[in-house]
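Colleague: I would like to go through this model feature by feature. Please give the general idea each time, then the case at hand.

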Amino acid sequence: MTITCDPTAPLVAVVGATGNQGGSVIHALAESSNPYRVRGFTRDAAKPAAQELAKLGVEVFVVSLVVENQEKVYEAFVGADFAFLVTNFWEHVDIDREVAEGKLLIDAAKSASITRIVWSGLPSFNKLSHGKYKNVYHFDGKALITEYGRHSGVPFVDVQAGFYGTNFLGPLGAPKKQENGSYLFAFPAKPETVIPFIDVVPDYGMFVRYVLEMDVFPDGGEYVAHGETITYRDLVSQWSEETGKTIVHVEISPRQFKEGLEDADLPSHVVLDYVEFSLAWNEFGWKSTPIPPILEAQVHTWADFIRDTDWSGVF
């Protein structure tokens, strides 16, 4: 299937159209048996990803979704029926700015009389820990936006993206080669800590499409998009088995983790965020909802991700 131009089809406004989540949503809608028109937001229509979306039939709408550009943001949602919203804490590394931008998106969608909002949120570790961990900014900012959306009066569902497989490709998640040829995966997590793993690009959009196409839109609902739940113990075991590399998981202390982050020259509030995130996840976990049966056979497991990924930059 492709995106349609039929004016009777619902128009879906998609934030982050050229990013991992927004792009995944658009491609999932394009593969649906239901017809959709799609308006994808980007700051640069000339980038290759935006041009590919235009070829797919997406209306590429150029807009900077920041509070200083409120009038244009409101204009971007006019005429849309549904909306997918997402914010990026890491763009500014500023929780207050992220929350302000998230609220702006919700206000703009409401002003346009949109009837269904699917939002990419995250749980609040501040609430889960009863105030013990107050500085997990990249989770709590999204949780504040979720709360605002649920009180907006617009039917609103939170579809959280689980733990990205690509996190294990970066400098903070990839194992380090040791002198004996093995690889050390050092992280402040117990072996039995469970993660809701997701291969975000192919899979996340299917969860959003599933929610949009439910006979009754589950206003106020919360889903965690994931291909499977897996412990760190099993994750590392499968990683070794599938790659043929000897990978060892070592649970390091929060102090060791903090020192490693500081050595990476990260801002102090980001270091605090990561450290408290690891502690909170260990202590309280990340509750995940069951995978809808209609998606079970389609989503990727961690083993699938390992086999489909180029690890040449890691091993």
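Colleague: Where is Val14 found, and is Val14 buried or exposed?

Modeller: Val14 is found in strand β1 (residues 11–14). Helices (H or I, at least four residues) and strands (E, at least two) are DSSP runs, numbered from the N terminus. Buried means under 20% relative accessible area, exposed over 50%, and partly exposed in between, with a 1.4 Å probe and protein chains only. Val14 has a relative accessible area of 0%, so Val14 is buried. This is a predicted model, in which local features need pLDDT of at least 70 and side-chain atom pairs count only at pLDDT 80 or more, while totals for chains, interfaces and linings use all residues. Residues are numbered from 1 along each chain as its sequence is written, and side-chain values use heavy atoms, with hydrogens and water left out.

Colleague: Which residues does Val14 touch, not counting residues up to four places away in sequence?

Modeller: Contact means heavy atoms within 4.5 Å. With that exclusion, Val14 touches Gly22, Val25, Ile26, Val38, Arg39, Gly40, Phe41 and Phe84. Val25 is 11 residues from Val14 in sequence, and their C-alpha atoms are 7.8 Å apart.

Colleague: How should I read the packing of helix α1 and helix α8?

Modeller: Axes are lines fitted to C-alpha atoms, for helices over the stretch in contact, and angles run from 0 to 180 degrees between N-to-C directions. Angles under 35 degrees count as roughly parallel, over 145 as roughly antiparallel, 65 to 115 as roughly perpendicular and the rest as oblique. Helix α1 (residues 20–30) packs against helix α8 (residues 200–212) at an angle of about 60 degrees, with their axes 7 Å apart. The two helices are therefore oblique to each other. On the α1 side the contact includes Val25, which is also touched by Val14. The residues of the contact of α1 with α8 divide into 10 nonpolar, four polar and two charged. Here Ala, Val, Leu, Ile, Met, Phe, Trp, Tyr, Cys and Pro count as nonpolar, Asp, Glu, Lys and Arg as charged, and the others, Gly among them, as polar.

Colleague: At what angle do α5 and α7 pack?

Modeller: The angle between α5 and α7 is about 25 degrees, and their axes are 9 Å apart. That makes α5 roughly parallel to α7. The residues of this contact divide into seven nonpolar, three polar and five charged.

Colleague: At what angle do the axes of α7 and helix α11 cross?

Modeller: The axes of α7 and helix α11 (residues 268–284) cross at roughly 85 degrees and come within 8 Å. That makes α7 roughly perpendicular to α11. Tyr137, His138 and Phe139 in α7 meet His269, Leu272, Asp273 and Phe277 in α11. By class, the contact has four nonpolar, two polar and one charged residues.

Colleague: Which phi value does Ser113 have, and where is Ser113 found?

Modeller: Most residues other than glycine have a negative phi. Phi of Ser113 is near 65 degrees, a positive value. Ser113 is found in the loop between α5 (95–111) and β5 (116–119), and is exposed, with a relative accessible area of 57%. His130 also has a positive phi, of about 55 degrees. His130 is found in the loop between α6 (125–128) and α7 (137–150), and is exposed, with a relative accessible area of 76%.
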